Amino acid sequence: MARVPQFTRLVIAVAVVFAALLLLPRSAAFAAPALAIYRGDTPAASGPGRKIELRLSADGTMTWLTDYGKNRPAMTEEGRWNAISVEEIEVILERRDGKQVESSGVRLLKQGDTLRTAANSATEFGSQGLLLKLAKAAAAPISAPMTGAVSPIGAWQWESLISSADKIAVNQPERYKLQLRAGGKAQVLADCNRGQASYSFDGRRFNMRIAGITRAACPADSLSGRYLKALETAVGQRVRGENLFLDLPADGGTMKFIRAK
């Protein structure tokens, strides 16, 4: 029997694999492996209510399944998810049963192996909100989608602080600047005060110490004190596009910065 050249065998193998992929449904051929699956249900005044399954994938995509019972197929909503802080995520619904819809978000607080709707997202699930329990997870714990670490070094302006308790919107971000320099040195502008700081980060961990700050009396509406305190208590950092997020401990929330021009 004549021997088939090695290059020809390689071409045949690639063609077979490619043909097999074409025969697969698109979702099966390209779906990312599930990172975590959460399940729960919402009670109804009459009847069994809704059964909900949330699938979070490692590439930042998500699938939200809602089963209303009554022998109807489950509604499938797809989109993406991202970490707002170390204890809060947001799922953004973009497609329903394969059709594009207006984007809507649901915020969920992570508590151990459960996800519970945050206050601003709870009402659409009844008076008790929605509680989802972890049903299946890969070895890696749930965290922000892995898109490659981006250095926080650069100039930033503070835009807001969001926590489960309140939301602070900064009307004049240019009054609150943070310049992170290479080598662990930083410059801080806190409204009418200026100062120096040292900082360090390792992956998502973050630490800052303000070494000296002026003590001028700022206007009555100044957020200078809140800003400086938040900077010194930050424990985590992440960069997403033109935004820097500094996570505060426990339920302290997350500071959001925009890159300074």
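Colleague: Is arginine 175 buried or exposed?

Modeller: Arginine 175 is buried, at a relative accessible area of 19%. Buried means under 20% relative accessible area, exposed means over 50%, and partly exposed is in between (1.4 Å probe, protein chains only). Keep in mind that this is a predicted model, where local features need pLDDT of at least 70, side-chain atom pairs count only at pLDDT 80 or more, and totals for chains, interfaces and linings use all residues. Residues are numbered from 1 along each chain as its sequence is written, and side-chain values use heavy atoms, with hydrogens and water left out.

Colleague: Which residue forms a salt bridge with arginine 175?

Modeller: The general idea first: side chains of opposite charge can pair when their charged atoms come close. A salt bridge here is a side-chain nitrogen of Lys or Arg within 4 Å of a carboxyl oxygen of Asp or Glu. In this case the partner is aspartate 221, with the closest N and O atoms 4.0 Å apart. Aspartate 221 sits in the loop between strand S14 (205-213) and helix H4 (224-233), and arginine 175 in the loop between strand S10 (167-169) and S11, so the pair ties together parts 46 residues apart in sequence.

Colleague: How many salt bridges does the structure hold?

Modeller: There are 14. One of them joins arginine 80 to glutamate 94, the closest N and O atoms being 2.7 Å apart. Arginine 80 is in strand S4 (residues 75-85) and glutamate 94 in strand S5 (residues 88-96). Arginine 80 is partly exposed at 38%, while glutamate 94 is buried at 15%. Through shared partners, salt bridges join Glu78, Arg80, Glu94 and Arg95 into one network.

Colleague: And how many aromatic pairs does a search of the whole structure find?

Modeller: Six. Rings of Phe, Tyr and Trp (its six-membered ring) pair if their centres lie within 6.5 Å; planes under 30 degrees apart are stacked, over 60 edge-to-face, and the rest tilted. Take tryptophan 158 and tyrosine 176: they are edge-to-face, 5.5 Å centre to centre with 80 degrees between the planes. That pair links strand S9 (residues 154-162) to strand S11 (residues 176-180), and both residues are buried.

Colleague: Which residues form one aromatic cluster?

Modeller: Trp158, Tyr176, Tyr227 and Phe257 do.

Methods. Helices (H or I, at least four residues) and strands (E, at least two) are DSSP runs, numbered from the N terminus.
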